[in-house]
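Hi there,

Here is the structure I promised to pass on. My notes follow below it; have a look whenever you have a moment.

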Amino acid sequence: MTLQQWLSVGLLCGMMALFVWGRFRFDVTAIIALLAGIALGLVPPAKAFSGFSDDIVIIVGSALVLSAAVQRSGLIERALDRFAHRLRRPGSQLFALTATVGVASGLIKNIGALAMLMPAASQLAKRSKTNPSRFFMPMAFASLLGGLTTLVGTSPNIIVSRVREEMTGQPFRMFDYLPTGLGLLVIGLIFLRFGNRMLPERQAAATMGEALNISAYTTEATVQEGSAAIGTTIAQFVEDHENEIEVTAVLRRGQRAEVHPQMPIAEDDVLILVGDPDALERAIAGSGMALHDPDDEDDAPATDEVGVIEAVVTAGSVLVGSTAARLMLKERMGLRVIAIAREGERLRNKPTGVAMQAGDVIVLQGVLDAMPGRLRQLGVLPLAERTISLGRERKGWLALAILGVAMAATATGLVPVAVAFFAGAGLVLITGALPAEDAYEAIEWPILIMLGALIPVSETLQSTGASDVMATQLAHFAAHLPPWGAVALVLLASMAVTPFLNNAATVLVMAPIAAVFAHDLGYRPDAFLMATAMGAGCDFLTPIGHQCNTLVMGPGGYKFGDYARLGAPLSLLVLVLGTPLAIAVWPLH
C-alpha cells in the first residue's frame with residue numbers, strides 16, 4: 001500500500017477510535033475527521049465541503065420534515081386506537097404494536113414512528129396489567145427492521161442507493177428494498193412475538209404524569225358543524241372513546257344543561273370534558289370538535305406561531321387563588337388556559353373558571369416566541385419533558401397525501417429522489433401541515449453535519465485506492481467461500497461495525513468496499529449492497545448503536561446487557577435468513 005492509502009486507512013481507524021471512546025459527539029467526531037483529512041492532504045480544500053451539497057443531505061433532511069408532519073397528524077395512533085380495545089392479551093398487544101411500528105417505519109423515520117407509538121404501548125400495558133418494558137425493546141427492534149423496507153425508512157438505504165448509482169448508473173428506487181426488508185420484518189415480528197420472554201423483568205420508568213400523580217385534565221370543546229358527535233348520546237360518546245373521558249357538563253346556548261347518559265349532543269354545544277391529555281386530544285380531534293374559545297378574534301396569531309406548553313403553578317404564582325377569566329389572561333397576555341389538572345381531584349368546571357392552587361398542572365396556549373417571558377411573569381414552571389398535542393391544529397390526511405405523492409413520484413422515476421422529497425417538505429410548510437418551527441426542530445442537524453463532513457472523508461478510501469486494496473484482500477479471503485458465504489461476510493462485517501460507528505457512517509465506509517469486493521469476485525454488486533444496508537440497519541446488541549435503542553432504554557428501565565439477550569438471537573436470525581433472501585431477490589450473476 002502507498003503512503004496515501006495508509007494515511008486514509010489510519011484516518012478511518014482513528015475516527016472509529018473516537019466513536020468508540022465517546023469523548024466527542026458523533027458530529028464533532030466527523031468534523032475532526034474532516035479537518036484531519038484536509039491537514040493530511042487526503043481531502044482537497046476545494047472539495048472539503050462538497051458533502052454538504054450532496055443529495056443525501058437534502059434527502060435525509062427533507063425526509064425528516066415529512067416524517068414529522070405525518071407523525072404530528074396522529075393518523076397512525078388513531079388507526080391503532082380503532083382496534084386497541086379488542087387487544088386484551090399481552091401477546092396480541094405486543095404483535096399489534098411491533099407490526100404497527102414496523103410498517104410505520106417504512107413511511108417515516110423509524111425513530112419518529114417509535115416515539116409516536118410509545119405512549120400507546122404504555123396505555124395497552126396498563127390495560128393488560130403488563131410491564132411496559134416487555135413492549136418497548138421489541139418495538140425498537142421492529143422499528144429498525146421496518147426501516148429496511150423503503151428508501152427513506154433509514155439513512156443507510158439512501159447512501160447505498162447512491163453507491164449503486166455510482167457503480168451501475170442506476171440507483172435503488174423507493175421500493176427496491178421492500179422484498180428483502182419485508183421478509184426480514186415478518187421474520188422479526190414472529191421472533192419478537194415469542195422471543196420477548198428472553199427479556200428480564202425491569203421496572204419501567206414512570207411518566208411525568210404518573211410522577212406528578214395527575215389523574216385527569218379538564219377542558220372544554222365546541223361541537224362544530226359536521227362533527228361526528230352530533231346526534232349521539234352522552235353515554236354513546238363516552239363509550240366510543242373507550243370510557244377514557246367523562247362529560248361533566250354541557251353548555252347549551254350559554255346555559256348549563258343537566259347532564260344525563262341519554263342526553264343527545266347538538267351542534268354548538270360546549271362540552272366540559274375530563275380525561276388524560278392523550279384521551280382528550282383523541283376525542284376532540286377524532287370527533288371533529290374544537291377547543292372552545294368564546295373570545296376568538298379575527299386577528300388572532302397565525303396557527304404556525306401558536307403552540308401549547310404544560311406547566312406547574314408554583315406557590316408564589318399570581319395565578320394562585322384566582323381564575324384565568326378573572327385575571328383576563330387572554331386579553332392581557334395572549335394566553336389561554338385550555339386544560340387544568342389537580343392531584344387527587346376531578347375538576348368539573350371549565351378551565352377558565354377554576355380557581356387555581358399551587359401544584360395545579362395547566363396547559364397554556366399562546367405565541368411560542370413570547371411564552372418564556374409570560375411564564376416567568378406568571379410564576380409557573382414549564383414541563384419541557386412532555387409534549388402535549390391538545391390544542392394544536394392537525395392536517396393529518398394532507399401530510400400523508402403529500403408523502404404519498406413524493407414516494408410515488410420517486411418510485412416511478414418521474415423526478416429524482418432529492419427533488420421529490422424537497423418539494424414534499426416545502427409543501428407541508430406552505431400548506432401549514434407542519435409549522436415552520438416544528439420543521440426545524442424535526443431536522444436532526446447533528447446527523448446532517450456528520451453526513452456532510454464524512455462524505456469527503458469516506459471518499460478518500462476510493463480516491464487513494466485504499467478501498468480497492470481492502471476489497472481485494474477480502475476477495476482473497478473469500479475466494480474459497482461459496483457465493484452465499486461472501487454475501488454473509490459483508491452482512492456480518494456491517495453488523496459488527498455498526499455498534500461502534502453511526503449506522504450512516506458504517507455505510508459510507510462499507511458500501512464502496514462491498515461494491516469493489518463483489519466486482520473482484522465476479523458478482524453483481526446488488527446483493528452485497530443490500531447486505532451492507534441490512535447490516536447497518538440491524539444493530540440489536542447495544543443501546544448506543546442506534547437512536548431507537550437509546551430512546552427506549554430509560555423508559556423501559558433496561559440495562560446495557562439486556563439488549564444482547566434479545567438482540568443476539570435476532571442478529572443471528574437476520575444473518576442466517578437475510579443472506580439467502582438478498583441473493584434470491586438480487587441474483588449474483
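**Confidence and what was found**

In this predicted model, residues 297-304 keep a pLDDT under 50 (pLDDT is the predictor's confidence in each residue, from 0 to 100). For that stretch the model has 6 contacts beyond four places in sequence, a contact being heavy atoms within 4.5 Å. The protein as a whole averages a pLDDT of 83, and 89% of the residues score at least 70.

Local features need pLDDT of at least 70 and side-chain atom pairs count only at 80 or more, while totals for chains, interfaces and linings use all residues. Numbering runs from 1 along each chain as its sequence is written, and side-chain values use heavy atoms, leaving out hydrogens and water.

Now the cores: sets of buried (under 20% relative accessible area, 1.4 Å probe, protein chains only) Ala, Val, Leu, Ile, Met, Phe, Trp, Tyr and Cys residues joined through side-chain atoms within 4.5 Å. The largest has 131 residues, and Phe421, Leu451, Leu454 and Phe528 have the most contacts inside it. Helix α22 (residues 503-521) gives this core its largest share, 12 residues; helices are DSSP runs of H or I, at least four residues, numbered from the N terminus. Another core, of 27 residues, lies apart and includes Ile234 and Ile284.

Beyond its neighbours within four places in sequence, Phe421 touches residues including Ser62, Leu66, Val152 and Met174.

Happy to talk any of this through!

Best wishes

How values were computed:
Buried means under 20% relative accessible area, exposed over 50%, partly exposed in between (1.4 Å probe, protein chains only). Helices (H or I, at least four residues) and strands (E, at least two) are DSSP runs, numbered from the N terminus.
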